[in-house]
Amino acid sequence: MKKDTATTFKALLIELAIYAVLVIAYFFLVLHFLGDWLYQLETQRRYTYAGVAILLIIGQAVLLESVTTFLLRLLRGRSE
Amino acid sequence: MYFPISDSHIHPLYLAIVGFLIGVLGGFFGVGGSFIAGPALRAVGLPWNFAIGTDLAHIVGKSVVAAKRHRALGNVDLKLGLIMAGGTILGAEVGAQMIQMLKRAGNLNLVVSLVSIAMYIGISAFMSWESWKTHALSKGRKAKRADSKSDHSAFSHIARSIQKLHLPPMINLPVSGVKAVSLWVILGVAFIGGIFSGFLGGGAGYIRMPAMVYILGIPTHLAVGTDLFEIILSASYGTFTHAVKGNVDVLIALVMNTGAAVGAQIGAISTQYFAGPKIRLAFVPLPLIGAAIVIYTLMSGHKL
């Protein structure tokens, strides 16, 4: 039982480390390029901005969920 | 990091950590977590209107992650969630109108504060009493880990009586194990949750999740997962209306969701290891935190 917990904890830490690298890359690449465009959209076309905001939020959530699920499977060798 | 839409400087790590904490709570309890996210965004100087709108956008993303995970665990009743979304959106509009009426009457803050304190404390008191009672009743029974999803409540008889209420059309919810319940009861529960969502802000999961368990008779794990799915729809609607009014900084919400994606998965997976009454008992402090924030705001005059 203790061995299982230690393995799970270790897998979680590795997962968080990989995830942190991916998120930092994401901050600098995606948000940097999207920032100006979204700002322009927010000031000039609010309805388009509202639609794009929801699509971005849902799209990112689906993508991140897939990434974390993939990492979980990869590191623990089984589906959660 | 500079966020041009809200003209604010916030460290992205702070946002990711806040998102992570709310993600864990949301994944485990099926709540939006606005009672933490709102004050956390205000604490770093985000204007109040942006804190509310951006929080809703963040709730959408976090709920997508948590609901997807709950769906994989078989904890989402899509039919129930879709029906409830209609009632919630309608209720949220009525709640928002009530806010406008109170604004005109000039006693908005006092009424909203007193109602929310009474609601939060009432829910906490009732749930702690019910969970302890259920726990006492089930003492002596040998609970196997495989049965962690099986649910029982000291108030199951209330849900059974409500299910017997014959107000057509009757809806069958096989995923939730409910043979027949009136559509009007489902819409009523969602509508009341929506009123509180519009009236007090946030997703009002702290009202809807317990209501699904005690009134509709939905097992706790399914109530958590279905509530999250329902929140995706109602919070998307809220995000759209707030974004049109210029209250959403989507960049902040996107950064918060990077932390929430991990937290929500951890929270959702954790529900597998706890039985329904234990989840409900662990839920008790959440509305009390909300009550404490409102009491502080009321007494100090500072909005957190």
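How many helices and strands make up the secondary structure of chain B? In this predicted model, chain B comes to 12 helices and four strands. With a radius of gyration of 19 Å, close to the 19 Å that the globule rule gives for 304 residues, chain B is as compact as a globular protein of that length. Taken along the principal axes, the box filled by its C-alpha atoms is roughly 55 × 40 × 35 Å.

The model as a whole scores ipTM 0.82 and pTM 0.79. For chain B, the average pLDDT is 81, and 91% of the residues score at least 70. Within this chain, strand E2 (residues 8–9) has the highest confidence, at 90, while helix H11 (residues 276–283) has the lowest, at a mean of 76. Where pLDDT is low, predicted coordinates should not be read in detail.

Two helix pairs illustrate the packing inside chain B. Packed helices are described by the angle between their axes and the distance between the axes. For H1(B) and H10(B), the axes come within 6 Å and cross at roughly 35°, and the crossing is right-handed. The contact between H1(B) and H10(B) involves 20 nonpolar and 11 polar residues, with no charged ones.

The second pair joins helix H4 (residues 78–105) of chain B to H9(B), with axes that come within 8 Å and cross at roughly 40°. This angle makes H4(B) oblique to H9(B), and the crossing is again described as right-handed. On the H4(B) side, the contacting residues include B:Leu78, B:Leu80, B:Met84, B:Ile89 and B:Ala92; among their counterparts in H9(B) are B:Phe229, B:Glu230, B:Leu233 and B:Tyr237. By class, this contact of H4(B) with H9(B) divides into nine nonpolar residues, five polar and one charged.

Attention now turns to the partner chain. Across the interface, 27 residues of chain B are in contact with 26 residues of chain A. Four helices of chain B each supply at least two residues of the side that touches chain A: H1 (12–29), H3 (48–72), H9 (220–244) and H10 (250–270). The largest share, 10 residues, comes from H10(B). By class, the side of chain B that touches chain A has 19 nonpolar residues, seven polar and one charged.

How values were computed: Residues are numbered from 1 along each chain as its sequence is written. Chains are lettered from A and ligands numbered from 1 in the order in which they are written. This is a predicted model: local features need pLDDT of at least 70, side-chain atom pairs count only at pLDDT 80 or more; totals for chains, interfaces and linings use all residues. Two residues are in contact if their C-beta atoms, placed from the backbone, lie within 7 Å. Ala, Val, Leu, Ile, Met, Phe, Trp, Tyr, Cys and Pro count as nonpolar, Asp, Glu, Lys and Arg as charged, and the others, Gly among them, as polar. Axes are lines fitted to C-alpha atoms, for helices over the stretch in contact, and angles run from 0 to 180 degrees between N-to-C directions. A crossing is left-handed if the near helix is turned anticlockwise from the far one by less than a right angle, and right-handed if clockwise. Angles under 35 degrees count as roughly parallel, over 145 as roughly antiparallel, 65 to 115 as roughly perpendicular and the rest as oblique. pLDDT is the predictor's confidence in each residue, from 0 to 100. The radius of gyration is taken over C-alpha atoms; the globule rule is 2.2 Å times the number of residues to the power 0.38.
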